[in-house]
Amino acid sequence: SRNINTLCYAENQIWLDEAISNDNISIIITNCKIKKESSKGFIISKNPKNLFYKIHNNLIKNSDFYGNNKKNIISKSAEINSSCFIAEKNIIIKKNVVLGPNVCIYPNTTIEENVVIGANSVIGRDGFQNYRNNDKLEFVKHAGSVKIGKNVNIGANCSVDKGLFRDTTVIGDRTKIDSLVHIGHNVNIGKNCIIAGRVVVGGGSIIKNNSFIGLSACIKNGI
């Protein structure tokens, strides 16, 4: 973890040892035996992952742990089609932004100046994060954000997922994205990139400045 005073879970001894040695982690949920003394706090659970994500989902729903709600700030010069959906909180849309028909903008999204987003694109939705809890599949809510840099173009029918925890999905200045592109949570795309149609960028991937990604490429998560 890069954040201080972090809660995490560890389902085996290797993960537990790594968590204990990480100075940024304060509390560990685990089902393992604690073999050595530590100043960290421990929560013993039969199902550490399930308890961890239950706490996370509850914090999103019932607290301001991940941040307070703020009124939208939308520039008067922005051209927003009447069919667009704009959430009621935590959105910043700056000068000369153009949003095409049926564009959806969800909370915790910042769109910088001169951005154009094509019809039916969805920005800031929850990403695809599920886990198995015995015979059930559980969905993990997202608390992060999206930041779209200046002079970015995003085509039609694209989706850009927001970050999972306090993370931000970033599209750098002047990047151009074709239609039918999916950008997963926690992705960081640099400046001046070109991404062709039907590309999928898996969660947590990093695309450096000036990159070109061709038609229908699939970038595995975490690359």
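Accessible areas come from the Shrake-Rupley method with a 1.4 Å probe.

**Figure 1. Overall view of the predicted model.** The structure shown is a predicted model. The accessible surface of the protein amounts to about 12,400 Å², and carbon and sulfur atoms account for 50% of that surface. The C-alpha trace spans about 60 × 40 × 35 Å along its principal axes. The protein contains two helices and 26 strands. Of its 223 residues, 40% count as buried. Among contacts between residues at least 6 apart in sequence, 24% join residues at least 24 apart.

**Figure 2. Charged side chains of the protein.** The protein carries 29 positive and 17 negative side chains. The centres of these two sets lie 1 Å apart.

Figure 3. Strands of a sheet pair through backbone hydrogen bonds, either parallel or antiparallel. In this open sheet the pairing is parallel, and the seven strands follow the order E6-E9-E12-E17-E20-E23-E26. At the edges stand strand E6 (85–86) and strand E26 (218–219). Each of these two has a single partner strand, so one side of each is left without a neighbour in the sheet.

**Figure 4. Strand E12 and its two partners, E9 and E17.** Strand E12 comprises residues 122–125 and pairs with strand E9, residues 104–105, over two bridges in the parallel sense. Within this pairing, Ile105 has Ile123 of E12 as its bridge partner. Strand E17, residues 159–161, is joined to E12 by three bridges, and these two strands also run parallel. Here the bridge partner of Val122 is Ser159 in E17.

**Figure 5. The pairing of strands E20 and E23.** Strand E20 covers residues 182–183, and strand E23 covers residues 200–201. The two strands run parallel and are joined by two bridges. His182 has Val200 of E23 as its bridge partner.

Figure 6. His56 belongs to helix H2, which covers residues 48–62. Is this residue buried or exposed? A residue counts as buried when its relative accessible area is under 20%. His56 has a relative accessible area of 2% and is therefore buried. Which residues is His56 in contact with, leaving aside its neighbours within four places in sequence? They are Tyr66, Val140, Lys141, Ala143, Leu164 and Phe165.

Methods. Residues are numbered from 1 along each chain as its sequence is written. This is a predicted model: local features need pLDDT of at least 70, side-chain atom pairs count only at pLDDT 80 or more; totals for chains, interfaces and linings use all residues. Side-chain values use heavy atoms; hydrogens and water are left out. Helices (H or I, at least four residues) and strands (E, at least two) are DSSP runs, numbered from the N terminus. Buried means under 20% relative accessible area, exposed over 50%, partly exposed in between (1.4 Å probe, protein chains only). Contact means heavy atoms within 4.5 Å. Lys and Arg count as positive and Asp and Glu as negative; His and the chain ends are not counted. The place of a charge is taken as NZ of Lys, CZ of Arg, CG of Asp or CD of Glu. Two strands pair if DSSP finds at least two bridges between them.
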